[in-house]
Amino acid sequence: MTKSRLTQWQPGTRRALIAALALPALLVTANLSAKTLVYCSEGSPENFYPGVNTTGTSFDANSQIYSRIVEFERGGTAVVPGLAERWDISPDGKVYTFHLRKGVKWHNHRAWKPTRDFNADDVIFAIERQWKESNPYFKVTSPNHSYFMDMGMPKLIKSLDKIDDYTVRFTLEKPEAPFLSNLAMEYAGVQSKEYADAMLKAGTPEKIDQEPIGTGPFYLVRYIKDAIVRYKAFPQYYGGKAKIDDLIFSITTDASVRWAKLQKGECHVMPYPNPADLDAIRKDKNVVVLEQPGLNVGYLAYNTTKKPFDDVRVRKAINMAINKKAIIDAVYLTTGVAAKNPIPPTQWSYNDAIKDDPFDPAAAKKMLADADYPDGFTTDLWAMPVQRPYNPNARRIAELMQADLAKVGVKAEIKSFEWGEYRKRMQAGEHQMGMLGWTGDNGDPDNFLATLLGCDAAKTGGSNVAKFCYQPYEDLILKAKTISDRKQRADLYMKAQVIFKEQAPWFTIAHAVQLKPVRKEVVDFKLSPFGRHTFYGVDIKE
(Lines give C-alpha, C1' and ligand atoms only; values in the text may rest on other atoms or scores of the structure.)
Protein backbone atom coordinates (compact mmCIF):
# COMPACT_ATOMS: atom_id res chain seq x y z
CA MET A 1 0.00 0.00 0.00
CA THR A 2 1.40 3.36 -0.99
CA LYS A 3 2.08 5.60 1.97
CA SER A 4 -0.12 8.71 1.91
CA ARG A 5 1.93 11.86 2.11
CA LEU A 6 2.61 15.13 0.39
CA THR A 7 5.86 17.01 0.16
CA GLN A 8 4.49 20.57 0.29
CA TRP A 9 6.03 21.34 3.65
CA GLN A 10 9.50 22.22 4.83
CA PRO A 11 11.66 20.57 7.53
CA GLY A 12 10.53 21.70 10.96
CA THR A 13 6.97 22.31 9.82
CA ARG A 14 5.76 19.02 11.31
CA ARG A 15 6.64 19.93 14.91
CA ALA A 16 5.29 23.43 14.60
CA LEU A 17 2.09 22.25 12.97
CA ILE A 18 1.38 19.56 15.54
CA ALA A 19 1.93 22.10 18.31
CA ALA A 20 -0.45 24.48 16.56
CA LEU A 21 -3.15 21.83 16.50
CA ALA A 22 -3.40 22.09 20.28
CA LEU A 23 -4.22 25.78 20.18
CA PRO A 24 -7.71 27.25 19.84
CA ALA A 25 -5.98 29.94 17.82
CA LEU A 26 -5.81 27.41 14.99
CA LEU A 27 -9.39 28.38 14.22
CA VAL A 28 -8.20 31.85 13.29
CA THR A 29 -5.84 31.76 10.33
CA ALA A 30 -3.24 34.34 9.38
CA ASN A 31 -5.89 35.83 7.10
CA LEU A 32 -8.36 37.05 9.74
CA SER A 33 -11.16 37.40 7.18
CA ALA A 34 -10.92 33.74 6.11
CA LYS A 35 -13.48 31.28 7.42
CA THR A 36 -11.87 28.11 8.77
CA LEU A 37 -13.69 24.92 9.73
CA VAL A 38 -11.87 22.22 11.68
CA TYR A 39 -13.12 18.64 11.57
CA CYS A 40 -11.73 16.25 14.19
CA SER A 41 -11.22 13.22 11.95
CA GLU A 42 -10.91 9.84 13.65
CA GLY A 43 -7.95 8.62 11.60
CA SER A 44 -5.55 9.05 8.71
CA PRO A 45 -6.62 8.36 5.13
CA GLU A 46 -4.97 5.33 3.56
CA ASN A 47 -4.23 7.32 0.40
CA PHE A 48 -5.82 9.85 -1.92
CA TYR A 49 -7.19 7.43 -4.49
CA PRO A 50 -10.84 6.54 -3.76
CA GLY A 51 -10.83 3.60 -6.21
CA VAL A 52 -8.93 1.36 -3.77
CA ASN A 53 -10.58 2.46 -0.52
CA THR A 54 -13.54 1.10 1.39
CA THR A 55 -13.18 3.00 4.68
CA GLY A 56 -15.12 6.09 5.65
CA THR A 57 -11.89 7.69 6.89
CA SER A 58 -10.35 7.63 3.43
CA PHE A 59 -13.61 8.48 1.66
CA ASP A 60 -14.02 11.60 3.82
CA ALA A 61 -10.53 12.78 2.94
CA ASN A 62 -11.03 12.08 -0.77
CA SER A 63 -14.57 13.36 -1.22
CA GLN A 64 -13.48 16.96 -0.68
CA ILE A 65 -11.11 16.70 -3.67
CA TYR A 66 -12.90 14.74 -6.37
CA SER A 67 -16.17 15.00 -8.28
CA ARG A 68 -18.11 12.17 -9.93
CA ILE A 69 -20.20 12.19 -13.11
CA VAL A 70 -23.29 11.89 -10.92
CA GLU A 71 -23.63 12.74 -7.22
CA PHE A 72 -25.94 12.04 -4.32
CA GLU A 73 -27.96 15.06 -3.21
CA ARG A 74 -26.51 16.63 -0.08
CA GLY A 75 -27.98 14.83 2.93
CA GLY A 76 -29.96 12.34 0.81
CA THR A 77 -29.86 9.32 -1.49
CA ALA A 78 -31.30 10.84 -4.70
CA VAL A 79 -28.91 10.87 -7.68
CA VAL A 80 -28.35 14.36 -9.13
CA PRO A 81 -26.12 15.76 -11.90
CA GLY A 82 -22.41 16.05 -11.20
CA LEU A 83 -19.75 16.26 -13.89
CA ALA A 84 -22.50 15.04 -16.20
CA GLU A 85 -25.24 17.65 -16.52
CA ARG A 86 -27.72 15.08 -17.90
CA TRP A 87 -27.97 11.49 -19.10
CA ASP A 88 -30.09 9.16 -21.22
CA ILE A 89 -30.92 5.50 -20.52
CA SER A 90 -31.96 3.16 -23.33
CA PRO A 91 -35.37 1.44 -23.07
CA ASP A 92 -33.70 -1.94 -22.43
CA GLY A 93 -31.69 -0.49 -19.53
CA LYS A 94 -28.34 -1.46 -21.03
CA VAL A 95 -27.03 1.82 -22.51
CA TYR A 96 -26.26 4.92 -20.43
CA THR A 97 -25.19 8.07 -22.29
CA PHE A 98 -23.77 10.89 -20.18
CA HIS A 99 -23.56 14.49 -21.43
CA LEU A 100 -20.67 16.15 -19.59
CA ARG A 101 -20.34 19.72 -18.35
CA LYS A 102 -18.10 22.07 -20.29
CA GLY A 103 -15.68 24.50 -18.65
CA VAL A 104 -15.00 22.39 -15.52
CA LYS A 105 -11.56 23.34 -14.15
CA TRP A 106 -8.91 21.14 -12.54
CA HIS A 107 -7.07 22.13 -9.39
CA ASN A 108 -3.57 23.49 -9.91
CA HIS A 109 -0.56 21.63 -8.55
CA ARG A 110 2.66 23.30 -7.46
CA ALA A 111 4.76 21.15 -9.83
CA TRP A 112 2.28 20.62 -12.68
CA LYS A 113 -0.37 22.80 -14.30
CA PRO A 114 -3.33 21.49 -16.30
CA THR A 115 -3.57 22.74 -19.89
CA ARG A 116 -7.19 21.79 -20.50
CA ASP A 117 -10.56 21.49 -18.78
CA PHE A 118 -12.18 18.24 -17.67
CA ASN A 119 -13.46 16.11 -20.55
CA ALA A 120 -14.51 12.59 -21.60
CA ASP A 121 -10.93 11.27 -21.55
CA ASP A 122 -10.86 11.74 -17.77
CA VAL A 123 -14.05 9.72 -17.23
CA ILE A 124 -12.70 6.88 -19.34
CA PHE A 125 -9.36 6.96 -17.49
CA ALA A 126 -11.10 6.84 -14.08
CA ILE A 127 -13.00 3.69 -15.07
CA GLU A 128 -10.32 1.94 -17.13
CA ARG A 129 -7.62 2.15 -14.44
CA GLN A 130 -9.95 -0.01 -12.29
CA TRP A 131 -11.26 -2.20 -15.10
CA LYS A 132 -8.45 -3.07 -17.52
CA GLU A 133 -5.32 -4.80 -16.27
CA SER A 134 -3.48 -3.50 -19.33
CA ASN A 135 -3.93 0.08 -18.11
CA PRO A 136 -0.56 1.34 -16.79
CA TYR A 137 -2.32 2.67 -13.67
CA PHE A 138 -4.14 -0.58 -12.82
CA LYS A 139 -1.55 -1.60 -10.21
CA VAL A 140 -0.41 1.86 -9.10
CA THR A 141 -1.15 2.26 -5.35
CA SER A 142 -3.02 -1.09 -5.36
CA PRO A 143 -4.52 -3.53 -7.88
CA ASN A 144 -7.36 -4.18 -5.40
CA HIS A 145 -10.16 -1.96 -6.73
CA SER A 146 -12.50 -3.25 -4.06
CA TYR A 147 -15.80 -1.61 -4.97
CA PHE A 148 -15.41 -1.94 -8.73
CA MET A 149 -14.65 -5.64 -8.38
CA ASP A 150 -17.07 -6.44 -5.55
CA MET A 151 -19.99 -4.96 -7.49
CA GLY A 152 -19.15 -7.11 -10.51
CA MET A 153 -18.33 -4.12 -12.72
CA PRO A 154 -15.65 -5.92 -14.78
CA LYS A 155 -18.25 -8.42 -15.99
CA LEU A 156 -21.09 -5.91 -16.19
CA ILE A 157 -19.53 -3.24 -18.43
CA LYS A 158 -19.43 -4.39 -22.04
CA SER A 159 -17.90 -1.18 -23.37
CA LEU A 160 -17.20 2.43 -22.47
CA ASP A 161 -16.96 4.73 -25.47
CA LYS A 162 -16.06 8.35 -26.03
CA ILE A 163 -18.68 9.74 -28.42
CA ASP A 164 -17.06 13.18 -28.39
CA ASP A 165 -15.12 15.33 -25.90
CA TYR A 166 -18.23 15.83 -23.77
CA THR A 167 -20.21 12.61 -24.27
CA VAL A 168 -19.48 9.12 -22.94
CA ARG A 169 -21.52 5.95 -23.36
CA PHE A 170 -21.57 2.91 -21.07
CA THR A 171 -22.96 -0.27 -22.62
CA LEU A 172 -23.80 -3.01 -20.14
CA GLU A 173 -24.00 -6.76 -20.64
CA LYS A 174 -27.39 -6.78 -18.87
CA PRO A 175 -29.70 -4.30 -17.12
CA GLU A 176 -28.38 -3.23 -13.71
CA ALA A 177 -30.90 -1.48 -11.47
CA PRO A 178 -28.34 0.13 -9.08
CA PHE A 179 -25.95 1.25 -11.86
CA LEU A 180 -26.66 4.99 -11.72
CA SER A 181 -26.42 5.04 -7.91
CA ASN A 182 -23.21 3.02 -8.08
CA LEU A 183 -21.61 5.72 -10.26
CA ALA A 184 -22.32 8.31 -7.54
CA MET A 185 -20.18 6.40 -5.03
CA GLU A 186 -16.74 7.52 -3.91
CA TYR A 187 -14.73 4.94 -5.90
CA ALA A 188 -15.90 6.69 -9.10
CA GLY A 189 -14.14 9.98 -8.31
CA VAL A 190 -12.69 11.33 -11.56
CA GLN A 191 -8.95 11.97 -11.87
CA SER A 192 -7.11 13.87 -14.59
CA LYS A 193 -5.81 11.74 -17.45
CA GLU A 194 -3.51 14.58 -18.51
CA TYR A 195 -1.90 14.64 -15.04
CA ALA A 196 -1.69 10.83 -15.04
CA ASP A 197 0.04 10.80 -18.43
CA ALA A 198 2.53 13.46 -17.31
CA MET A 199 3.41 11.59 -14.11
CA LEU A 200 3.75 8.29 -15.98
CA LYS A 201 6.14 9.95 -18.44
CA ALA A 202 8.11 11.39 -15.51
CA GLY A 203 8.40 7.94 -13.91
CA THR A 204 6.34 8.96 -10.86
CA PRO A 205 2.83 7.58 -11.54
CA GLU A 206 2.12 7.22 -7.80
CA LYS A 207 2.05 11.03 -7.46
CA ILE A 208 -1.50 11.29 -8.81
CA ASP A 209 -2.66 9.38 -5.70
CA GLN A 210 -0.22 11.02 -3.25
CA GLU A 211 -0.40 14.59 -4.54
CA PRO A 212 -3.92 14.58 -5.97
CA ILE A 213 -5.75 17.08 -8.08
CA GLY A 214 -9.46 16.91 -8.76
CA THR A 215 -12.37 19.09 -9.80
CA GLY A 216 -14.00 19.08 -6.35
CA PRO A 217 -14.85 22.01 -4.03
CA PHE A 218 -11.57 21.86 -2.07
CA TYR A 219 -7.97 21.25 -3.08
CA LEU A 220 -5.34 19.56 -0.94
CA VAL A 221 -2.66 21.83 0.53
CA ARG A 222 -0.84 19.56 2.98
CA TYR A 223 -1.07 16.12 4.55
CA ILE A 224 0.94 14.92 7.54
CA LYS A 225 0.00 11.37 8.50
CA ASP A 226 -1.59 11.03 11.95
CA ALA A 227 -1.63 14.83 12.35
CA ILE A 228 -3.43 16.95 9.77
CA VAL A 229 -5.04 17.22 6.34
CA ARG A 230 -5.35 20.84 5.18
CA TYR A 231 -7.53 21.96 2.28
CA LYS A 232 -8.46 25.28 0.70
CA ALA A 233 -11.65 26.17 -1.15
CA PHE A 234 -11.26 25.91 -4.93
CA PRO A 235 -12.42 29.29 -6.32
CA GLN A 236 -13.18 27.84 -9.77
CA TYR A 237 -15.30 24.91 -8.57
CA TYR A 238 -18.08 24.37 -11.11
CA GLY A 239 -20.77 24.56 -8.41
CA GLY A 240 -19.46 27.88 -7.06
CA LYS A 241 -16.83 28.53 -4.38
CA ALA A 242 -17.42 26.92 -0.97
CA LYS A 243 -18.70 29.16 1.86
CA ILE A 244 -15.70 28.31 4.05
CA ASP A 245 -12.19 29.23 2.92
CA ASP A 246 -10.05 26.73 4.81
CA LEU A 247 -10.91 23.18 5.81
CA ILE A 248 -8.73 21.30 8.30
CA PHE A 249 -8.95 17.65 9.28
CA SER A 250 -7.34 17.48 12.74
CA ILE A 251 -6.60 13.76 13.07
CA THR A 252 -7.68 12.73 16.57
CA THR A 253 -8.03 9.00 17.10
CA ASP A 254 -9.34 9.10 20.68
CA ALA A 255 -13.07 9.88 21.00
CA SER A 256 -12.61 11.50 24.42
CA VAL A 257 -9.94 13.82 23.03
CA ARG A 258 -12.22 14.71 20.11
CA TRP A 259 -14.92 15.67 22.59
CA ALA A 260 -12.45 17.76 24.63
CA LYS A 261 -11.40 19.62 21.47
CA LEU A 262 -15.00 20.24 20.49
CA GLN A 263 -15.75 21.66 23.96
CA LYS A 264 -12.80 24.06 23.71
CA GLY A 265 -13.68 25.19 20.19
CA GLU A 266 -10.55 23.55 18.75
CA CYS A 267 -12.75 21.72 16.28
CA HIS A 268 -16.26 22.33 14.97
CA VAL A 269 -17.48 18.85 14.02
CA MET A 270 -16.58 15.47 15.51
CA PRO A 271 -17.54 11.93 14.45
CA TYR A 272 -18.16 8.82 16.53
CA PRO A 273 -18.67 10.08 20.09
CA ASN A 274 -18.27 7.64 22.96
CA PRO A 275 -21.77 6.51 24.00
CA ALA A 276 -20.75 7.18 27.62
CA ASP A 277 -20.01 10.85 26.78
CA LEU A 278 -23.38 11.56 25.17
CA ASP A 279 -25.15 12.89 28.28
CA ALA A 280 -22.41 15.47 28.82
CA ILE A 281 -22.31 16.36 25.12
CA ARG A 282 -26.07 16.94 25.02
CA LYS A 283 -25.82 19.31 28.03
CA ASP A 284 -23.17 21.56 26.45
CA LYS A 285 -24.88 24.83 25.48
CA ASN A 286 -22.39 25.41 22.63
CA VAL A 287 -23.01 22.05 20.93
CA VAL A 288 -25.92 20.45 19.12
CA VAL A 289 -26.10 16.67 18.55
CA LEU A 290 -27.49 15.83 15.12
CA GLU A 291 -28.95 12.34 14.87
CA GLN A 292 -30.86 10.04 12.54
CA PRO A 293 -31.23 6.27 12.03
CA GLY A 294 -28.02 4.87 10.57
CA LEU A 295 -27.81 2.98 7.28
CA ASN A 296 -25.33 0.53 8.79
CA VAL A 297 -24.65 -2.85 10.38
CA GLY A 298 -21.93 -4.20 12.66
CA TYR A 299 -21.18 -7.91 12.51
CA LEU A 300 -18.87 -10.79 13.35
CA ALA A 301 -17.96 -12.64 10.13
CA TYR A 302 -17.19 -16.34 10.11
CA ASN A 303 -14.65 -17.45 7.51
CA THR A 304 -16.87 -20.05 5.84
CA THR A 305 -13.92 -21.54 3.94
CA LYS A 306 -12.02 -22.51 7.12
CA LYS A 307 -12.75 -25.24 9.61
CA PRO A 308 -14.76 -25.37 11.75
CA PHE A 309 -16.75 -22.51 10.24
CA ASP A 310 -17.30 -24.34 6.95
CA ASP A 311 -20.04 -26.19 8.89
CA VAL A 312 -23.29 -24.22 9.19
CA ARG A 313 -24.05 -26.01 12.47
CA VAL A 314 -20.94 -24.48 14.05
CA ARG A 315 -21.89 -21.02 12.81
CA LYS A 316 -25.41 -21.40 14.19
CA ALA A 317 -24.04 -22.67 17.50
CA ILE A 318 -21.77 -19.63 17.90
CA ASN A 319 -24.72 -17.35 17.09
CA MET A 320 -26.68 -18.93 19.94
CA ALA A 321 -23.74 -18.84 22.36
CA ILE A 322 -23.28 -15.04 22.27
CA ASN A 323 -25.49 -12.78 24.38
CA LYS A 324 -26.32 -9.98 21.95
CA LYS A 325 -28.51 -8.02 24.37
CA ALA A 326 -25.73 -7.91 26.96
CA ILE A 327 -23.31 -6.53 24.34
CA ILE A 328 -25.71 -3.79 23.25
CA ASP A 329 -26.56 -2.84 26.83
CA ALA A 330 -22.89 -2.68 27.87
CA VAL A 331 -21.27 -1.12 24.79
CA TYR A 332 -23.85 0.68 22.64
CA LEU A 333 -25.95 2.03 25.53
CA THR A 334 -28.65 4.09 23.79
CA THR A 335 -26.90 4.30 20.42
CA GLY A 336 -27.64 0.87 18.93
CA VAL A 337 -30.42 -1.61 18.20
CA ALA A 338 -29.99 -5.37 17.85
CA ALA A 339 -29.35 -6.54 14.28
CA LYS A 340 -30.96 -9.70 12.91
CA ASN A 341 -30.51 -9.06 9.18
CA PRO A 342 -27.52 -7.95 7.10
CA ILE A 343 -29.35 -4.75 6.08
CA PRO A 344 -30.70 -2.09 8.49
CA PRO A 345 -34.41 -1.60 9.23
CA THR A 346 -34.35 1.75 7.39
CA GLN A 347 -33.38 0.02 4.11
CA TRP A 348 -36.21 -0.82 1.71
CA SER A 349 -36.71 -4.63 1.36
CA TYR A 350 -35.87 -5.23 5.05
CA ASN A 351 -37.47 -8.55 6.10
CA ASP A 352 -38.90 -7.93 9.56
CA ALA A 353 -40.60 -11.34 9.64
CA ILE A 354 -37.23 -13.05 10.21
CA LYS A 355 -36.59 -14.27 13.76
CA ASP A 356 -33.16 -13.78 15.26
CA ASP A 357 -31.17 -16.70 16.63
CA PRO A 358 -31.97 -16.99 20.34
CA PHE A 359 -29.35 -16.68 23.06
CA ASP A 360 -29.33 -20.33 24.18
CA PRO A 361 -25.98 -21.72 25.41
CA ALA A 362 -27.45 -25.18 26.08
CA ALA A 363 -28.72 -25.46 22.50
CA ALA A 364 -25.37 -24.14 21.27
CA LYS A 365 -23.48 -26.89 23.14
CA LYS A 366 -25.80 -29.56 21.71
CA MET A 367 -25.33 -28.26 18.17
CA LEU A 368 -21.54 -28.21 18.61
CA ALA A 369 -21.73 -31.85 19.74
CA ASP A 370 -23.85 -32.71 16.69
CA ALA A 371 -21.11 -31.10 14.54
CA ASP A 372 -18.48 -33.36 16.23
CA TYR A 373 -17.17 -30.65 18.57
CA PRO A 374 -18.53 -31.91 21.93
CA ASP A 375 -15.59 -30.32 23.77
CA GLY A 376 -15.58 -27.13 21.71
CA PHE A 377 -12.53 -25.89 19.79
CA THR A 378 -9.92 -23.12 19.65
CA THR A 379 -10.32 -20.16 17.32
CA ASP A 380 -9.21 -16.59 16.78
CA LEU A 381 -11.51 -13.59 17.25
CA TRP A 382 -10.41 -10.43 15.44
CA ALA A 383 -11.36 -7.05 16.93
CA MET A 384 -11.33 -3.80 14.91
CA PRO A 385 -8.72 -1.26 16.12
CA VAL A 386 -10.95 1.72 15.28
CA GLN A 387 -14.23 3.08 16.55
CA ARG A 388 -17.30 3.21 14.34
CA PRO A 389 -20.98 3.94 15.07
CA TYR A 390 -21.79 0.31 14.28
CA ASN A 391 -18.99 -0.79 16.64
CA PRO A 392 -18.10 1.76 19.36
CA ASN A 393 -15.63 -0.54 21.16
CA ALA A 394 -14.63 -3.71 19.34
CA ARG A 395 -12.15 -4.79 22.01
CA ARG A 396 -14.81 -4.71 24.71
CA ILE A 397 -17.28 -6.57 22.47
CA ALA A 398 -14.61 -9.19 21.75
CA GLU A 399 -14.02 -9.69 25.49
CA LEU A 400 -17.76 -10.19 26.10
CA MET A 401 -17.94 -12.66 23.20
CA GLN A 402 -14.84 -14.45 24.46
CA ALA A 403 -16.45 -14.95 27.89
CA ASP A 404 -19.70 -16.24 26.36
CA LEU A 405 -17.89 -18.66 24.06
CA ALA A 406 -15.80 -20.06 26.91
CA LYS A 407 -19.05 -21.24 28.52
CA VAL A 408 -19.72 -23.58 25.59
CA GLY A 409 -16.11 -24.82 25.38
CA VAL A 410 -14.90 -22.49 22.61
CA LYS A 411 -11.55 -20.84 23.40
CA ALA A 412 -11.21 -17.60 21.42
CA GLU A 413 -7.95 -15.66 21.15
CA ILE A 414 -8.52 -11.94 20.52
CA LYS A 415 -6.34 -10.43 17.78
CA SER A 416 -6.05 -6.99 16.23
CA PHE A 417 -3.81 -5.04 13.85
CA GLU A 418 -3.38 -1.50 12.55
CA TRP A 419 -6.57 -0.59 10.64
CA GLY A 420 -5.18 -0.78 7.10
CA GLU A 421 -3.43 -4.05 7.89
CA TYR A 422 -6.55 -5.38 9.65
CA ARG A 423 -8.73 -4.80 6.58
CA LYS A 424 -6.13 -6.20 4.20
CA ARG A 425 -5.71 -9.41 6.22
CA MET A 426 -9.47 -9.84 6.68
CA GLN A 427 -10.05 -9.40 2.96
CA ALA A 428 -7.33 -11.99 2.31
CA GLY A 429 -9.21 -14.41 4.59
CA GLU A 430 -6.52 -14.89 7.25
CA HIS A 431 -9.05 -14.85 10.12
CA GLN A 432 -11.41 -17.50 11.45
CA MET A 433 -13.78 -14.98 13.07
CA GLY A 434 -13.50 -11.23 12.70
CA MET A 435 -15.51 -8.09 13.37
CA LEU A 436 -16.31 -5.55 10.70
CA GLY A 437 -19.23 -3.39 9.73
CA TRP A 438 -20.67 -1.41 6.89
CA THR A 439 -22.38 1.88 6.24
CA GLY A 440 -24.38 1.93 3.02
CA ASP A 441 -22.97 3.84 0.07
CA ASN A 442 -25.87 4.25 -2.31
CA GLY A 443 -29.24 3.56 -0.66
CA ASP A 444 -29.70 0.27 -2.52
CA PRO A 445 -29.94 -3.17 -0.78
CA ASP A 446 -27.50 -4.51 -3.38
CA ASN A 447 -24.80 -2.43 -1.68
CA PHE A 448 -25.11 -4.67 1.39
CA LEU A 449 -26.39 -7.99 0.04
CA ALA A 450 -24.06 -8.26 -2.98
CA THR A 451 -21.07 -6.13 -1.98
CA LEU A 452 -20.69 -7.90 1.38
CA LEU A 453 -22.08 -11.37 0.67
CA GLY A 454 -21.94 -12.02 -3.10
CA CYS A 455 -19.59 -14.47 -4.81
CA ASP A 456 -17.66 -11.75 -6.71
CA ALA A 457 -16.91 -10.06 -3.38
CA ALA A 458 -15.72 -13.34 -1.80
CA LYS A 459 -12.50 -13.38 -3.81
CA THR A 460 -9.20 -12.46 -2.14
CA GLY A 461 -9.23 -8.73 -1.51
CA GLY A 462 -13.01 -8.46 -1.66
CA SER A 463 -15.35 -7.03 0.97
CA ASN A 464 -17.07 -10.40 1.54
CA VAL A 465 -14.81 -11.32 4.46
CA ALA A 466 -17.00 -14.33 5.34
CA LYS A 467 -15.95 -15.73 1.92
CA PHE A 468 -19.59 -16.76 1.64
CA CYS A 469 -20.55 -17.98 -1.84
CA TYR A 470 -23.82 -19.89 -1.76
CA GLN A 471 -25.58 -20.39 -5.09
CA PRO A 472 -29.25 -20.23 -3.95
CA TYR A 473 -28.49 -16.87 -2.32
CA GLU A 474 -26.37 -15.70 -5.28
CA ASP A 475 -29.13 -16.49 -7.78
CA LEU A 476 -31.58 -14.25 -5.91
CA ILE A 477 -29.31 -11.20 -5.60
CA LEU A 478 -28.13 -11.47 -9.22
CA LYS A 479 -31.70 -11.65 -10.49
CA ALA A 480 -32.69 -8.65 -8.35
CA LYS A 481 -30.03 -6.51 -10.05
CA THR A 482 -31.62 -6.98 -13.48
CA ILE A 483 -35.17 -5.90 -12.51
CA SER A 484 -36.28 -2.28 -12.42
CA ASP A 485 -39.53 -2.85 -10.50
CA ARG A 486 -38.79 -2.13 -6.81
CA LYS A 487 -41.49 -4.45 -5.42
CA GLN A 488 -40.17 -7.40 -7.41
CA ARG A 489 -36.63 -6.60 -6.32
CA ALA A 490 -37.75 -6.31 -2.68
CA ASP A 491 -39.39 -9.76 -2.83
CA LEU A 492 -36.13 -11.30 -4.03
CA TYR A 493 -34.06 -9.50 -1.39
CA MET A 494 -36.45 -10.60 1.36
CA LYS A 495 -35.98 -14.22 0.27
CA ALA A 496 -32.20 -13.69 0.21
CA GLN A 497 -32.33 -12.52 3.84
CA VAL A 498 -34.10 -15.78 4.80
CA ILE A 499 -31.24 -17.78 3.24
CA PHE A 500 -28.68 -15.53 4.95
CA LYS A 501 -30.25 -16.30 8.32
CA GLU A 502 -30.34 -20.05 7.60
CA GLN A 503 -26.71 -20.15 6.45
CA ALA A 504 -25.41 -17.77 9.16
CA PRO A 505 -22.19 -16.43 7.57
CA TRP A 506 -22.30 -13.64 10.21
CA PHE A 507 -23.33 -13.05 13.77
CA THR A 508 -25.20 -9.78 13.24
CA ILE A 509 -24.51 -7.45 16.16
CA ALA A 510 -26.17 -4.03 15.88
CA HIS A 511 -27.37 -1.12 13.80
CA ALA A 512 -26.23 2.22 15.17
CA VAL A 513 -27.96 5.55 15.37
CA GLN A 514 -25.86 8.13 13.52
CA LEU A 515 -24.85 10.84 16.00
CA LYS A 516 -22.86 13.96 15.17
CA PRO A 517 -21.89 16.57 17.77
CA VAL A 518 -21.49 19.94 16.02
CA ARG A 519 -20.70 23.37 17.47
CA LYS A 520 -23.56 25.84 17.17
CA GLU A 521 -21.57 28.30 15.06
CA VAL A 522 -21.60 25.72 12.24
CA VAL A 523 -24.33 26.50 9.69
CA ASP A 524 -26.11 23.92 7.50
CA PHE A 525 -23.98 20.83 8.13
CA LYS A 526 -26.11 17.92 6.90
CA LEU A 527 -25.93 14.33 8.06
CA SER A 528 -25.20 11.95 5.22
CA PRO A 529 -27.23 8.72 5.15
CA PHE A 530 -23.96 7.08 4.13
CA GLY A 531 -22.04 8.42 7.14
CA ARG A 532 -19.84 10.66 4.98
CA HIS A 533 -18.51 14.03 6.14
CA THR A 534 -18.57 16.59 3.36
CA PHE A 535 -18.26 20.31 3.87
CA TYR A 536 -19.34 21.95 0.64
CA GLY A 537 -22.40 24.04 1.47
CA VAL A 538 -21.40 24.39 5.15
CA ASP A 539 -20.79 27.83 6.64
CA ILE A 540 -19.42 29.26 9.92
CA LYS A 541 -21.09 32.14 11.75
CA GLU A 542 -18.83 35.15 12.11
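K193 and D197 both belong to helix α7 (residues 193–202), where they stand 4 residues apart, about one turn of the helix. Helices (H or I, at least four residues) and strands (E, at least two) are here DSSP runs, numbered from the N terminus. The side chains of K193 and D197 meet in a salt bridge with an N to O distance of 2.8 Å, a salt bridge being a side-chain nitrogen of Lys or Arg within 4 Å of a carboxyl oxygen of Asp or Glu. Both partners are partly exposed: K193 has a relative accessible area of 29%, and D197 has a relative accessibility of 37%. In these terms, buried means under 20% relative accessible area, exposed means over 50%, and partly exposed lies in between (1.4 Å probe, protein chains only).

The model is predicted, so local features need pLDDT of at least 70 and side-chain atom pairs count only at pLDDT 80 or more, while totals for chains, interfaces and linings use all residues. Residues are numbered from 1 along each chain as its sequence is written, and side-chain values use heavy atoms, with hydrogens and water left out.

Helix α7 also packs against another helix. Two packed helices are described by the angle between their axes and the distance between the axes. For α3 and α7 the angle is about 65 degrees and the axes are 8 Å apart; axes are lines fitted to C-alpha atoms, for helices over the stretch in contact, and angles run from 0 to 180 degrees between N-to-C directions. On the α3 side the contact is made by D121, D122 and F125, and on the α7 side by K193, E194 and A196. Contact here means heavy atoms within 4.5 Å. The residues of this contact divide into 2 nonpolar, no polar and 4 charged. In this division Ala, Val, Leu, Ile, Met, Phe, Trp, Tyr, Cys and Pro count as nonpolar, Asp, Glu, Lys and Arg as charged, and the others, Gly among them, as polar.

The whole structure holds 38 salt bridges. One of them joins D352 to K340, with the closest N and O atoms 3.1 Å apart. Both residues lie in the loop between β13 (336–338) and α13 (361–370), so the pair ties together parts that are 12 residues apart in sequence. D352 is exposed, at a relative accessible area of 54%, whereas K340 is buried, at 15%. The loop between β13 and α13 also holds D356, whose partner K501 lies in helix α18 (residues 486–503), 145 residues apart, and this pair links distant parts of the chain. The side chains of K501 and D356 meet at 2.8 Å, N to O. K501 counts as buried at 8% relative accessibility, while D356 is partly exposed at 29%. Elsewhere, R68, E71 and E186 are linked in a network of salt bridges.

The nonpolar interior comes next. In soluble globular proteins, nonpolar side chains tend to be buried together. A nonpolar core is defined as a set of buried Ala, Val, Leu, Ile, Met, Phe, Trp, Tyr and Cys residues joined through side-chain atoms within 4.5 Å. The largest such core has 116 residues, of which I69, F98, F170, I318, M401 and M435 touch the most other members. Helix α3 (residues 120–131) gives this core its largest share, 7 residues. Leaving out residues up to four places away in sequence, I318 touches Y302, F309, F377, L405, V410 and M433. A second, separate core of 25 residues includes A233, V269, L527 and I540.

T171 lies in strand β7 (residues 167–172) and counts as buried at 18% relative accessibility. Apart from neighbours within four places in sequence, T171 is in contact with K94, V95, L156, I157, K158 and S159.

The structure holds 1 disulfide, a disulfide being a pair of cysteine sulfur atoms within 2.5 Å. The bond joins C455 and C469, whose sulfur atoms are 2.0 Å apart. The torsion about the S-S bond is about 100 degrees, so this disulfide is right-handed. C455 and C469 both lie in the loop between α16 (446–449) and α17 (471–481), 14 residues apart. C455 is buried at a relative accessible area of 14%, whereas C469 is partly exposed at 46%. Two other cysteines, C40 and C267, are buried, each with a value of 0%.
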